[in-house]
Amino acid sequence: MTFSDKLKEARDYSGISQVELAKMLNVHQSAVSHWEKGVRTPDLETINKISHFLGVSVDFLVGTTT
């Protein structure tokens, strides 16, 4: 699974919409959409925040654990 797949899976599992996650991260919803489509990848600081908000590890998101 790619980062984009894992992000979408974790976000869906947590019940948080793209808009809600974008507000938590102080980014535009289109940024979250681009991450989930694999068009772009957030920086490490943002990945750390995403892991906190979604309750998953950074390792899970970047693919070092399953």
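H4 runs over residues 44–54; helices here are DSSP runs (H or I, at least four residues), numbered from the N terminus. This is a predicted model, in which local features need pLDDT of at least 70 and side-chain atom pairs count only at pLDDT 80 or more, while totals for chains, interfaces and linings use all residues. Residues are numbered from 1 along each chain as its sequence is written, and side-chain values use heavy atoms, with hydrogens and water left out.

The buried residues of H4 are Thr46, Ile47, Ile50, Ser51 and Leu54. Seen down the axis of H4, these residues fall within an arc of 145°, so they line one face of the helix; the arc is that of the directions from the helix axis to the C-beta atoms. As background, an α-helix has 3.6 residues a turn, so residues three or four places apart point the same way. The buried residues of H4 pack against H1, H2, H3 and H5, with contact taken as heavy atoms within 4.5 Å. Thr46, for one, counts as buried at 17% relative accessibility. Leaving aside neighbours within four places in sequence, Thr46 is in contact with Leu25 and Trp35. After H4 comes Gly55, with a positive phi near 70°.

From Glu20 to Thr41 it is 21 residues in sequence and 18 Å in space, C-alpha to C-alpha.

Just after H2, the backbone does something worth a look: Asn26 takes a positive phi of about 60°, although Asn26 is not a glycine. With a relative accessible area of 74%, Asn26 is exposed.

Next comes the pairing of H1 (residues 3–14) with H3. Two packed helices are described by the angle between their axes and the distance between the axes. For H1 and H3, the angle is about 120° and the axes are 6 Å apart; axes are lines fitted to C-alpha atoms, for helices over the stretch in contact, and angles run from 0 to 180 degrees between N-to-C directions. H1 and H3 are therefore oblique to each other. On this scale, angles under 35 degrees count as roughly parallel, over 145 as roughly antiparallel, 65 to 115 as roughly perpendicular and the rest as oblique. On the H1 side, Phe3, Ser4, Leu7, Lys8 and Arg11 meet Trp35, Glu36 and Lys37 of H3. By class, this contact has three nonpolar, one polar and four charged residues. The classes put Ala, Val, Leu, Ile, Met, Phe, Trp, Tyr, Cys and Pro as nonpolar, Asp, Glu, Lys and Arg as charged, and the others, Gly among them, as polar.

Arg11, found in H1, deserves a word of its own. At 7% relative accessibility, Arg11 counts as buried. The side chain of Arg11 makes a polar contact with the side chain of Glu36, at 2.4 Å. A polar contact is a pair of N or O atoms within 3.5 Å; within protein, one must be able to donate a hydrogen and the other to accept it, and residues adjacent in sequence count only if both atoms are side-chain atoms. Not counting residues up to four places away in sequence, Arg11 touches Ile16, Ser17, Gln18, Leu21, Glu36 and Leu54.

Asp5 is another residue of H1. Its relative accessible area of 37% makes Asp5 partly exposed. A polar contact of 3.1 Å joins the side chains of Asp5 and Thr2. Asp5 and Leu61 are 56 residues apart in sequence, with 8.8 Å between them in space, C-alpha to C-alpha.

Finally, Asp59 lies in H5 (residues 58–62). Asp59 counts as partly exposed, at 40% relative accessibility. Asp59 and Asn48 are 11 residues apart along the chain, and their C-alpha atoms are separated by 9.8 Å.

Notes: Buried means under 20% relative accessible area, exposed over 50%, partly exposed in between (1.4 Å probe, protein chains only). Helices (H or I, at least four residues) and strands (E, at least two) are DSSP runs, numbered from the N terminus.
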